[in-house]
Amino acid sequence: MFKFLKRLRAKKEEQQAQPGVEQTNDLRAEEQTANIAEAPIQEPKDEISSDMAMEPGRQEVHAESSLAESETAPEEIPQPRETSGKESKPTKTKVLEEVVEVELPKRSLGDGIRSLFSSDIELDDIEDILLLADFGVEASVEITESLRTAANKSGASSGAELRLLLKDILIEKLHRNDLQLNLSDGKLPYVFLIVGVNGAGKTTTIGKLSKWLREGEWEVILGAADTFRAAAVDQLATWADRSGAEIVRPERDGQDPASVAYQTVELAIKNDADIAIVDTAGRLQNKKDLMDELAKIRRAVEKQTQINEVLLVIDATTGQNAINQARAFTEVADVTGIVMTKLDGTAKGGIVYTIQQQLNLPVKLVGVGEGVNDFAFFSAEEFANGLVARKAEN
């Protein structure tokens, strides 16, 4: 679940450390001249003339390469970021073809899910318990009936037996094949748009996700496209500093968010980054304005590359109001997945089930604390285990 495709970074660094010099020529030169490493500057002329005799079509390339080598800074201090200008296109073409499957640090729910039960459970109490946990009326009735049928068939009657049956039912209903983040098609840079109402935890989610990717040695570019809130830009900059990512800030307050998104992706492409993550505004006062703004951001990004994920961030503590927020955003944005934040701070974990079932969207990430590592990939098994566990055992 945690294996994704990123750039083969070692290859990129090797190409940028010696731009314009082909390894085959170096090997040929070493065979011809045993002491080439200690030769004075004028020696490459002989090497060039030898190559010219062998490959006349490469005369100009060798001349320019030798001149560049004589004028560059010492090789022991390469600066890959500064060499991505004129030579970015050939390097990029070569690097894009070389991706490697990497396993990023695991993130699991652990004890981040509050149990629904504090004592032994009775079958007749299940529906009310599910309703209080924000499963919704329809889901509560459906799950209770499924549990009653399974209990009658198996003869289960004790609290422990009912817990196991309920866990299996929840896993079956929550399981999806599209829970994984789209970080595996190899078309780099990946681009994520993060949407949601202000205060839901968008910026914090971006920071945690960025830190996780940086732990896997990914090159990450963050875009502060929530340009109407200076505090949002400053907060994202703080997270960029903590995670070691680069950030594209608006040049002025109120700058067109689409232009910031464009500059973010532009920099990601120029620097051969693995992923660009763009923060967006979360104003729902005017749905049409929000729809127009998100559509403009999408067009700006898609002029340069594809968008891999549009993640909607929802605050789990808002309960059923989260459903209304989710519906509003799915009407104006092509949402591909849900991020549930503050899940550790609520006993109403059923909202995860409700959103996934009603909106037919996968919950991909969950926030379970304030720390930089306090997030996890959603797992139906871990979620169900957390809900049915005894509270005393947490």
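Predicted model: local features only at pLDDT ≥ 70, side-chain atom pairs only at ≥ 80, totals over all residues.
Visitor: How does Leu131 count at 33% relative accessibility: buried, exposed or partly exposed?
Guide: Buried means under 20% relative accessible area and exposed means over 50%, with partly exposed in between (1.4 Å probe, protein chains only). Because its relative accessibility is 33%, Leu131 counts as partly exposed.

Visitor: How many helices and strands does the chain have?
Guide: Both are DSSP runs numbered from the N terminus: helices (H or I) have at least four residues, strands (E) at least two. The chain comes to 15 helices and 10 strands.

Visitor: What share of the residues counts as buried?
Guide: The chain has 394 residues. Leu131 is partly exposed, but the buried share of the chain is 49%.

Visitor: Which strands are at the edges of the open sheet?
Guide: Eight strands form this sheet, with mixed pairing, in the order β5-β4-β6-β3-β7-β8-β9-β10. Two strands pair if DSSP finds at least two bridges between them. The strands that pair on one side only are β5 (246–248) and β10 (375–377).

Visitor: Which residue of β5 is the bridge partner of Ile221?
Guide: Strand β4 covers residues 220–224 and pairs with β5 in the parallel sense over three bridges. In β5, the bridge partner of Ile221 is Glu246.

Note on methods:
Residues numbered from 1 in each chain as written. Heavy atoms only, no water.
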